Amino acid sequence: MQVLACLNGETMPVEQARVPVWDRGFLFGDAVYEVCRIYAGRCWLEDAHFARLRRSLAELEFPPVDIDRLIDRVHQTIAASGVGEGTVYMQITRGVAPRSHAYPDPPVEPTELIVVRPYDDSATARLRESGARLLSHPDLRWKRCDIKTTNLLGNCIATEAARRAGCDEAVLIDTDGYVTESTHTSLLWVRGGRIEGTPEGPEILPGTTRQLVLRLIEPLEIPFAETKVTLDELTAADEVILVGTTTEVVPVVRVDDRRIGAGSPGPVAGRLWEAYRRAVEGWLAGRPSVA
Ligand SMILES: Cc1ncc(COP(=O)(O)O)c(C=O)c1O
């Protein structure tokens, strides 16, 4: 099993993959990406991830990208890597051209990178037991967070602040004092038995896991609503829950110096985690599923 890259269709150990310095992904962060979880060698929620990738490419007016070919390459790279439990990272940049802010005219061939690597869930599994601690941090990101670009400096700054504060994630707060999401996970909270999340829009990434959660809670008869909350309102919620591709479902027990609920993982997070696991197991067993 090895960490494999597939760069513009050529497969190699990741250490050998090289991109020219004129690549617009390197110069401007002019690139979009996706990360999928691999379970038992298969790509989970593939349709949702490629739908979001297509949308990101369209929103940024990228030149045409052959997504069907990309999907084939992803499958081939996973098979060649021998990775069972892992992730696949895909990045498309606007290509290689001498540095100039305007898009290359005529357009150049986009750069396409796939990296498949093993994923060790043990640290996240421990967080599922103990619950995560969050640090609140200003949301310094740009105004199109619905596009999954590699411009992640605002996310990196907040993640680093969380790490230095001994926390597991940061919850981002916009200039009006409202919670948006976390640095690499969607944020949900529970009030009076109802799951809530920030309205979809330019302020947050449309999370594939959040969309899955909405399908999972229907048969559980747990209602959902899009709402906006301040940090004070968030910390007064019964539960706070992180969801995302590698995080899956993780309960939050503390935000800054405030305890969430009883300060231990809550029942709704437990039910969600159970439903999530069942969905993955059903999908792996070939049973009809919400995925
Ligand atoms: C800012 C942000 N929000 C939410 C998510 C969760 O999205 P998904 O469930 O598709 O992994 C991510 C994932 O990378 C993210 O970076």
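Trainee: Which helices and strands do the buried residues of H6 pack against?

Mentor: Two remarks on the source come before the answer. The model is predicted, so local features need pLDDT of at least 70 and side-chain atom pairs count only at pLDDT 80 or more, while totals for chains, interfaces and linings use all residues. Residues are numbered from 1 along each chain as its sequence is written.

The buried residues of H6 pack against helix H2 (46-59), strand S10 (186-191), strand S11 (194-197), strand S13 (239-244) and H8. Helices (H or I, at least four residues) and strands (E, at least two) are DSSP runs, numbered from the N terminus. The buried residues in H6 are Thr208, Thr209, Arg210, Leu212, Val213 and Leu216. A residue is buried if 20 or more other C-beta atoms lie within 10 Å of its own, exposed if 12 or fewer, and partly exposed in between, with C-beta atoms placed from the backbone.

As to its dimensions, H6 has 13 residues and reaches 19 Å from its first C-alpha to its last, close to the 18 Å expected at 1.5 Å a residue; the expected span is 1.5 Å times one less than the number of residues. H6 is followed by Glu221, which has a positive phi near 55°. Most residues other than glycine have a negative phi.

Consider next the pairing with H8. Helix H6 (residues 208-220) and helix H8 (residues 267-284) pack at an angle of about 105°, their axes 10 Å apart. H6 is therefore roughly perpendicular to H8, a term for angles of 65 to 115 degrees. Axes are lines fitted to C-alpha atoms, for helices over the stretch in contact, and angles run from 0 to 180 degrees between N-to-C directions. On the H6 side the contact is made by Val213, Leu216 and Leu220, and on the H8 side by Arg271, Leu272, Ala275, Tyr276 and Ala279; contact requires C-beta atoms, placed from the backbone, within 7 Å. These residues divide into 7 nonpolar, no polar and 1 charged. Ala, Val, Leu, Ile, Met, Phe, Trp, Tyr, Cys and Pro count as nonpolar, Asp, Glu, Lys and Arg as charged, and the others, Gly among them, as polar.

H6 also contributes to the ligand shell, where it supplies the largest share, 3 residues. Among the residues around the ligand are Thr208, Thr209 and Arg210, as well as Glu181, His184 and Gly244; such a residue has its C-beta atom, placed from the backbone, within 6 Å of the molecule. The shell divides into 2 nonpolar, 8 polar and 2 charged residues.

Notes
Parallel < 35°, antiparallel > 145°, perpendicular 65-115°, else oblique. Contact = placed C-beta atoms within 7 Å.
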